[in-house]
Amino acid sequence: MAGRAHIEVGNLSMAYGKFLVQRDLNFAVSKGDVFVIMGGNGCGKTTLMRALIGLQRPAAGTVRYDGEDFWGAAEEDRARMKRRLGILFQGGALWSSLTLAENVALPLAEYTGLPPARVAEIVSFKLALVGLAGFEDFYPSELSGGMKKRAGLARAMALDPDILIVDEPSSGLDPLTARRLDDLILELRESLGTTIIVISHDLASILAIGSDSIYLDADTHTMIATGNPREALTHGDPKVRHFLTRGSE
Amino acid sequence: MRTRPEEDGLHPAGESGPRLSWHRPSEGVLTLVLAGRWCLDETLPARNAAERDIPAVPGRLTFDTAALADWDSGLLTFLAGLLKTCAARGVAVDPSGLPEGVRRLLAMAAAVPEQKVPPRNAAARTSLVSRIGAATLVLARGAPAMLRFLGEIVLSFLRLFSGRARFRMSDLWLEMEQVGPRALPIVSVISFLVGLILAYLGADQLKLVGAQIFIADLVAIGMVREVGALMTGIIIAGRTGAAFAAQLGTMQVNEEIDAFRTLGIPPVDFLVLPRMLALMLMVPLLTLYAGFVGMFAGLVVSVTIFDISLFEYYNETLRALELKHFWVGLSKGTVYGAMVAFAGCLRGMQCGRSAEAVGEAATSAVVTGILLITVAASVMTIVYYQLDI
Ligand SMILES: Nc1ncnc2c1ncn2[C@@H]1O[C@H](COP(=O)(O)OP(=O)(O)OP(=O)(O)O)[C@@H](O)[C@H]1O
Ligand SMILES: [Mg+2]
């Protein structure tokens with residue numbers, strides 16, 4: 001299985017009305033990759049994510065999961081494919097009327113027939129993985145920004161998704177917690193074979209975890225394939241090197 | 001000493017399903033044999049069967065996962081619980097028999113110790129009496145907050161009159177447009193219908209004394225003095241009071257109000273003052289408008305149904321409508337507008353930091369607004385009666 005294209009994006013263009021965000025995106029994510037989407041603010045990373053996860057129909061092009069056309073599929077097939085995804089939104093997107101435990105439990109209750117006691121165990125374990133053991137009964141409004149982010153990751157991992165898509169997991173985290181989150185992401189890939197798509201500006205994290213990457217350019221409105229970020233740092237396109245070295249090259 | 005693996009009879013699993021058994025290779029050592037698929041979509045064995053057999057101190061737990069086919073969070077949570085029990089009983093655990101990934105994930109979950117936080121939501125079930133008591137306390141505690149907010153508004157008005165209030169004129173215009181012209185359709189419909197009801201009510205009673213022409217007096221005075229203002233107030237409470245609370249509540253959620261505070265701009269000046277002024281200016285106008293629409297409805301009903309001539313009705317209305325009735329209506333409209341703005345802004349500023357809190361603020365703004373209007377209406381009616389206005 002390893003190496004075979006797991007997610008394939010072909011000639012994808014995204015727009016808001018007449019405003020073109022990105023066009024002609026072509027890339028493939030292999031199973032077990034940590035695929036990094038880089039780019040400056042407003043270049044369209046979140047928009048790309050919305051096209052990948054079914055929130056916003058792209059203006060043109062295809063997204064395929066294991067060869068199956070995502071946007072061409074019927075609503076219920078798309079729902080089935082979506083169930084394989086775990087998603088962390090840029091703002092956490094925790095449901096404010098539910099406690100952390102309920103936030104993580106909801107997908108489990110919805111999609112597994114597990115008894116409540118077992119759900120509670122899983123919830124506690126996932127919260128422990130992101131370092132939030134003991135905060136089960138807190139409401140999102142009672143958490144700090146970084147804690148919300150981590151809780152959002154716990155919810156994204158609730159169903160042991162095949163594919164984890166995370167929008168800026170480390171923004172707002174302290175360096176040690178960010179590091180722990182990187183380790184967790186790598187571990188999920190190692191142990192559970194999870195394919196991970198990370199949207200990130202965090203250079204340290206990009207270099208530490210990325211196995212493949214693309215760079216979305218806000219000026220030309222299209223992507224630059226960059227491969228392994230560590231190699232891109234030395235051999236890549238000048239624009240990407242500029243980005244990865246914080247403008248010093 | 002038993003060495004024969006012992007099946008956990010409770011969970012006879014299928015071919016590939018999760019299987020749990022254990023044996024004791026030597027005294028004080030228990031080896032847990034995990035086999036098959038330990039995934040969430042399988043029915044996983046209960047933990048207590050395994051935990052019963054965990055040896056007492058001194059003892060050691062080891063694992064044999066040679067026949068483990070596949071695993072996910074199902075196995076992880078099972079083991080996490082088991083390890084907790086072992087820790088509580090002082091049993092040493094030797095995880096070397098577990099797959100590499102399982103070991104590392106378990107270690108990660110244990111890396112940040114569980115936070116000791118005070119227990120929450122403890123008071124779930126309480127008696128009716130104590131709940132009534134608690135509700136009363138909430139009301140009583142709410143009163144000082146209301147007064148404080150009232151004080152802030154008064155100060156803000158003082159700043160306004162001394163020309164030091166910081167708010168943008170454009171905000172006021174925007175609010176006035178939202179509150180006034182956009183409310184005209186609903187105010188028209190409701191006032192027309194209320195005028196019609198008043199006319200019918202009067203017609204029925206006045207027929208008994210053969211004085212149906214006084215429908216005109218009833219409708220004119222009723223609409224202009226009381227009902228126009230009251231109906232407009234209630235419409236505005238539902239329409240605008242709720243909107244104010246939701247707007248300010250959302251700003252509270254987004255920390256926008258905190259941002260005003262840190263800049264040293266009183267949020268009351270910037271946010272509450274224009275809304276307050278907009279309602280105090282527009283509601284009296286709407287009240288006046290409601291009065292005329294109501295009178296028009298009375299006229300239509302009287303002329304078409306009760307055979308009163310247009311001219312008679314017109315003359316009677318003119319005779320009945322003294323200027324003071326207009327002043328009473330306008331003053332009530334102003335006060336009701338202030339009440340609605342006060343309730344909406346108060347609830348919005350008190351809003352918590354979640355989407356749910358915004359909803360509650362909007363609801364509460366309408367309830368508070370209508371309550372304040374009713375109280376003010378009663379007080380003003382009595383006072384005007386005593387003053388013979
Ligand atoms: N709902 C929307 N309507 C119109 N334009 C939008 C909308 N959302 C985003 N945009 C525009 O699309 C572009 C890409 O936005 P997007 O949120 O995808 O950026 P991003 O790469 O995720 O940025 P950041 O790093 O700041 O999160 C931006 O120029 C933005 O102005
Ligand atoms: Mg974004």
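Which residues does A:Glu168 touch, not counting residues up to four places away in sequence? In this predicted model, A:Glu168 touches A:Lys45, A:Gln90, A:Lys149, A:Ile199, A:Ser200 and A:His201, where contact means heavy atoms within 4.5 Å. The model is a predicted one, in which local features need pLDDT of at least 70 and side-chain atom pairs count only at pLDDT 80 or more, while totals for chains, interfaces and linings use all residues. Residues are numbered from 1 along each chain as its sequence is written, chains are lettered from A and ligands numbered from 1 in the order in which they are written, and side-chain values use heavy atoms, with hydrogens and water left out.

A:Glu168 sits in the loop between β7 (163-167) and α6 (175-192) of chain A, helices (H or I, at least four residues) and strands (E, at least two) being DSSP runs numbered from the N terminus. With a relative accessible area of 9%, A:Glu168 is buried; buried means under 20% relative accessible area, exposed over 50%, and partly exposed in between (1.4 Å probe, protein chains only).

**Ligand 1**

Around ligand 1 there are 14 residues, the closest being A:Gly42, A:Lys45, A:Thr46, A:Thr47 and A:Gln90, and a residue counts as near if one of its heavy atoms lies within 4 Å. The largest share of this shell, 3 residues, comes from α1(A), and β2 (19-30) and α1 (45-52) of chain A each supply at least two residues.

| Protein atom | Ligand 1 atom | Distance |
|---|---|---|
| A:Tyr16, polar side-chain atom | nitrogen | 3.1 Å |
| A:Gly44, polar backbone atom | oxygen | 2.9 Å |
| A:Glu168, polar side-chain atom | oxygen | 3.4 Å |

Taken alone, ligand 1 exposes 630 Å², and the protein buries 61% of that, the accessible areas coming from the Shrake-Rupley method with a 1.4 Å probe.

**Nonpolar cores**

A nonpolar core is a set of buried Ala, Val, Leu, Ile, Met, Phe, Trp, Tyr and Cys residues joined through side-chain atoms within 4.5 Å. The largest has 66 residues, of which A:Leu153, A:Leu184, B:Leu34, B:Trp38 and B:Leu79 touch the most other members. Helix α4 (residues 116-129) of chain A gives the most to this core, with 7 residues. Apart from it lies another core of 46 residues, including B:Ile153 and B:Ala341.

**B:Asn254**

In chain B, B:Asn254 is found in the loop between α7 (215-253) and α8 (256-262), and its relative accessible area of 45% makes B:Asn254 partly exposed.

Key:
Polar contact = N/O pair within 3.5 Å; in protein donor to acceptor, adjacent residues only side chain to side chain.
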